[in-house]
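Let's take a walk through this model, starting with a pair of aromatic rings and moving on to strands and a pocket.

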Amino acid sequence: EEESALFNDALLLCPFKDDVWEHNLRSLDQLGVPIVKVKAKNNGGLAGSATGDECGLKAIVYLAKGAKVMLTMNIWTKAGLVNGTMGTIEDFYFAPGSPEEPAAVLVRFPQYPANGPCFPGLEHGVLPITPSTVHFKKGTSPCERTQYALALAWSVTIHKSQGMTIGPGQA
């Protein structure tokens, strides 16, 4: 039992996306804190019907304080913030007058370099993640989607895990 407890925070590898989705939602719910549902902003006739696989950003992202998350695209390669980087949500920043949707998600990245720049008012390794915008085509229609490049990450598919290096404090 004591040995099993050592793996309570380990990254769970699943064979199917549906299993990952179920485990991540269950883990999110178990945090017992409010969940923020962020809908993507879509521009272009068919942008709203695009899947995350088609454009690189999900239509809806669920987030909460304490949630384990993974970056889903390269956002700052020099600082090591690349697709697959794991972190934990510390808090949200809501712009004045916009309490429904966060302007930034504050994420702690344990592997953030010690010599990396600090952001004013934040601890070292806690970084503001803002929505990313991608431009793509669905058929011949030009489209645009703006969303957080984050996904829940208590679990990933075995395919996503290939090539990942996960150390203590990262999984």
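Phe92 is buried, since its relative accessible area is 11% and anything under 20% counts as buried. Keep in mind that this is a predicted model. Phe94, by contrast, comes out as partly exposed, with a relative accessible area of 32%.

How do the rings of Phe92 and Phe94 sit relative to each other? Their centres are 6.2 Å apart and their planes meet at 45°, so this is a tilted pair. The search of the whole structure turns up four aromatic pairs. Elsewhere, ring pairs tie Trp76, Tyr112 and Phe119 together as a cluster.

Five of its seven residues are buried, so β10 is largely enclosed by the rest of the structure. β10 pairs with β9 (residues 132-138) in the antiparallel sense, and these two strands make a hairpin with two residues between them. Gly139, in the turn, has a positive phi of about 70°. Strand β3 (residues 41-43) also runs antiparallel to β10. Which residues face Glu144 of β10? Asn43 is a bridge partner of Glu144, and His135 stands opposite Glu144 as well.

Here are the bridge counts side by side:

| Strand pair | Bridges |
|---|---|
| β3 and β10 | three bridges |
| β9 and β10 | seven bridges |

Finally, the largest pocket. Its volume is about 860 Å³, and 26 residues line it. Which elements supply at least two residues each to the lining? They are α2 (17-30), α3 (52-55), β4 (60-63), β11 (150-152) and β12 (155-157). The most comes from α2, which gives four residues. By class, the lining has 14 nonpolar, eight polar and four charged residues.

Conventions: Residues numbered from 1 in each chain as written. Predicted model: local features only at pLDDT ≥ 70, side-chain atom pairs only at ≥ 80, totals over all residues. Heavy atoms only, no water. 1 Å grid on protein atoms, 1.4 Å probe; cavity = no way out; pocket = protein on both sides within 12 Å on 5 of 7 lines; lining within 4 Å. Points joined across faces, edges and corners; volume = space filled by probe spheres on them. Nonpolar A, V, L, I, M, F, W, Y, C, P; charged D, E, K, R; others polar. Phe/Tyr/Trp six-rings, centres within 6.5 Å; stacked < 30°, edge-to-face > 60°. Buried < 20%, exposed > 50% of the residue type's maximum accessible area, 1.4 Å probe, protein only. Pairing = 2+ DSSP bridges.
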